[in-house]
Amino acid sequence: MPSAYRLFGKTAKGDARYQCKACRKTFSLGLPTRRHKKTDKTGAIMRGLVNKMAMSRLCETAQVSFPHIHSKIDFLFNQCLAFAGEREGRLHQCFEDKEPYFSTDAQTILVNWPVRNRRGTVPLLHMATVHKSSQFVVAATIDYDPDVDPDELEKVMDAVGDFAKPRSMRRFARLWPASEYQESIVKGLPSVFTKEDLAAGGKYNLPGRGSRVRGDIFHYAHMMLVKKLIGRSYRVANFCCDAEAGLANAIAALSVDEVKRGRVNIAEISFSKGLTNDERTRLAIEGRKRYHEELQLYAAEIAQVKSEYPGIEDEDALAVHILRLTYGHGSSSARGKMLATAGMPWPFHSKPEPNKTIRLKTDIGLMDWDGLGRFMTRATIHPADSYFNLARRRIAGFERGLPTASNTHRIWHAYSFYNPEMVPKLATILRFYHNYMLPRGKEKATPAMKLGVAKGVVYERDLFSF
């Protein structure tokens with residue numbers, strides 16, 4: 001209500017002072033860093049956080065205390081949210097009349113058990129959607145709500161009779177109540193704890209602070225955020241997600257009308273996981289060799305496809321030929337059904353995705369062969385996997401545990417957080433740092449610069465004073 005206030009001079013530091021016209025009290029806004037102590041340490045703390053420094057090492061190198069670091073994390077988290085919110089309010093303009101490809105996947109981040117005399121971990125899901133060509137992370141979310149206490153939630157649910165209803169009919173179905181979450185976690189613990197261990201010690205205090213969000217709700221919430229950010233001014237939006245995550249149904253349910261009009265394509269990607277680096281390299285060499293062999297073998301067919309669809313690339317034309325050989329004999333509905341169920345095994349292995357299979361869930365006959373070929377050559381979830389790999393290498397608390405020889409090779413999570421609130425905060429800080437502050441490649445451009453959200457690198461001073 002701007003009419004209720006007026007300018008009333010400046011403070012001693014030069015910040016604008018305002019006066020309320022009703023009560024005559026004055027106030028000023030000033031910089032976000034005012035009243036901060038040791039402001040010269042903020043940049044070093046941020047760089048340490050995103051360069052895999054443990055909290056204790058960060059205290060030592062920056063010569064600050066643990067409470068000081070936690071206060072700086074809260075400050076950086078709020079600044080990253082505010083800065084990104086202002087810039088990404090116009091993110092949809094970057095996709096106007098284009099055909100962007102998005103990769104969505106989830107990784108598990110383990111948080112240490114909040115009770116000292118227990119040695120276990122609580123899993124949190126970190127989900128990210130990445131724009132393929134620019135590597136811009138559109139959204140990175142955690143299935144955790146720090147503002148709701150699970151015990152208080154259980155009392156409210158019990159008062160309204162939620163536990164007597166199917167979960168889909170509950171008033172508070174978004175979050176896990178304390179008893180149900182504890183029961184689900186403890187089911188997987190007999191291999192770690194004996195029955196006596198589980199019975200001793202009283203309250204589990206899971207997940208520590210805050211409440212975890214139900215998995216299906218988390219999928220929908222993440223994709224609703226993505227849809228809100230990218231808008232609807234694109235020509236065609238292409239979503240590629242991990243087959244194990246179960247995201248395709250959520251994306252389809254949120255895009256029914258656009259799928260019917262051919263403006264949204266959704267694919268599930270699966271590939272061989274757990275292979276060694278040597279096995280991946282061998283398959284990648286075989287894939288490149290087969291690709292060049294088939295380019296020569298089907299040279300006439302590729303030329304025919306390129307004459308039908310001028311401007312199509314060789315790899316896309318080869319994909320069109322393979323698709324016609326496999327699915328070109330039946331109707332479009334039969335083709336769509338086969339692509340959605342059996343999918344298309346991609347014959348040209350790559351190191352990030354060996355033995356890849358693409359299941360296109362939205363082929364309803366509106367896509368021509370050239371569009372289908374282009375989609376198959378570009379369908380991948382590697383951008384999301386690459387970002388998760390960066391997250392594990394950049395944030396100490398996101399790293400996987402290490403087996404210890406002295407304790408029958410049980411996994412030791414040395415750097416995992418004890419407070420689950422740290423996970424969404426550092427995920428937000430890392431996303432901002434990756435998008436706006438980390439230039440990469442020969443052009444030394446950040447993902448935000450490649451996408452058009454930023455004209456240059458965002459420096460620390462720009463973030464701190466926003």
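**Exercise A.** Glu 294, Leu 295, Gln 296 and Leu 297 of α10 meet which residues in α11?

*Solution.* Start with the contacts, meaning heavy atoms within 4.5 Å. The four α10 residues meet Ala 299, Glu 301 and Ile 302 in α11. Next, sort the residues by class: Ala, Val, Leu, Ile, Met, Phe, Trp, Tyr, Cys and Pro count as nonpolar, Asp, Glu, Lys and Arg as charged, and the others, Gly among them, as polar. The contact of α10 with α11 then has four nonpolar, one polar and two charged residues. Now for the geometry, using axes fitted to C-alpha atoms, for helices over the stretch in contact, with angles from 0 to 180 degrees between N-to-C directions. Helix α10 (residues 277-297) packs against helix α11 (residues 299-308) at an angle of about 75°, and their axes are 5 Å apart. This makes α10 roughly perpendicular to α11; the angle classes are roughly parallel under 35 degrees, roughly antiparallel over 145, roughly perpendicular from 65 to 115, and oblique for the rest.

Before going on, please keep in mind that this is a predicted model: local features need pLDDT of at least 70 and side-chain atom pairs count only at pLDDT 80 or more, while totals for chains, interfaces and linings use all residues. Residues are numbered from 1 along each chain as its sequence is written, and side-chain values use heavy atoms, with hydrogens and water left out.

**Exercise B.** How many helices and strands does the chain have?

*Solution.* Helices (H or I, at least four residues) and strands (E, at least two) are DSSP runs, numbered from the N terminus. Counting them gives 18 helices and 14 strands. Then look at burial, where buried means under 20% relative accessible area, exposed over 50%, and partly exposed in between (1.4 Å probe, protein chains only). Of the 466 residues in the chain, 47% are buried. Finally, take the contacts between residues at least 6 apart in sequence: 66% of these join residues at least 24 apart.

**Exercise C.** At what angle do the axes of α1 and α3 cross?

*Solution.* The two axes cross at roughly 85° and come within 10 Å. The helices α1 and α3 are therefore roughly perpendicular to each other. On the α1 side, the meeting residues are Thr 42, Ile 45, Met 46 and Leu 49; on the α3 side, they are His 68, Ile 69, Lys 72, Ile 73, Phe 75 and Leu 76. By class, this contact of α1 with α3 has seven nonpolar, two polar and one charged residue.

*Solution.* The expected span is 1.5 Å times one less than the number of residues. As for burial, 16 of the 16 residues of α16 are buried, so the helix is largely enclosed by the rest of the structure. Now repeat the span check on α15: its 13 residues should span 18 Å, and its end C-alpha atoms are 18 Å apart, which agrees. Buried residues in α15 include Pro 383, Tyr 387, Phe 388 and Leu 390. Among the elements that cover the buried residues of α15 are α1, β4 (101-112), β5 (121-131), β6 (137-142) and α16.

**Exercise E.** Which side chain meets Glu 88 in a salt bridge?

*Solution.* A salt bridge is a side-chain nitrogen of Lys or Arg within 4 Å of a carboxyl oxygen of Asp or Glu. The structure holds 30 of them. The partner of Glu 88 is Arg 431, at 2.7 Å from N to O. Glu 88 lies in helix α3 (residues 66-88) and Arg 431 in helix α16, 343 residues apart, and the pair thus links distant parts of the chain. Glu 88 is buried at a relative accessible area of 7%, and Arg 431 is buried at 10%.

**Exercise F.** Where in the chain do Lys 52 and Glu 399 lie?

*Solution.* Begin with the bond: the side chains of Lys 52 and Glu 399 meet in a salt bridge of 2.4 Å, N to O. Lys 52 is in the loop between α1 (42-49) and α2 (55-62), and Glu 399 is in the loop between α15 (382-394) and β13 (402-403), 347 residues apart. Lys 52 is partly exposed, with a relative accessible area of 32%, and Glu 399 is partly exposed at 22%.
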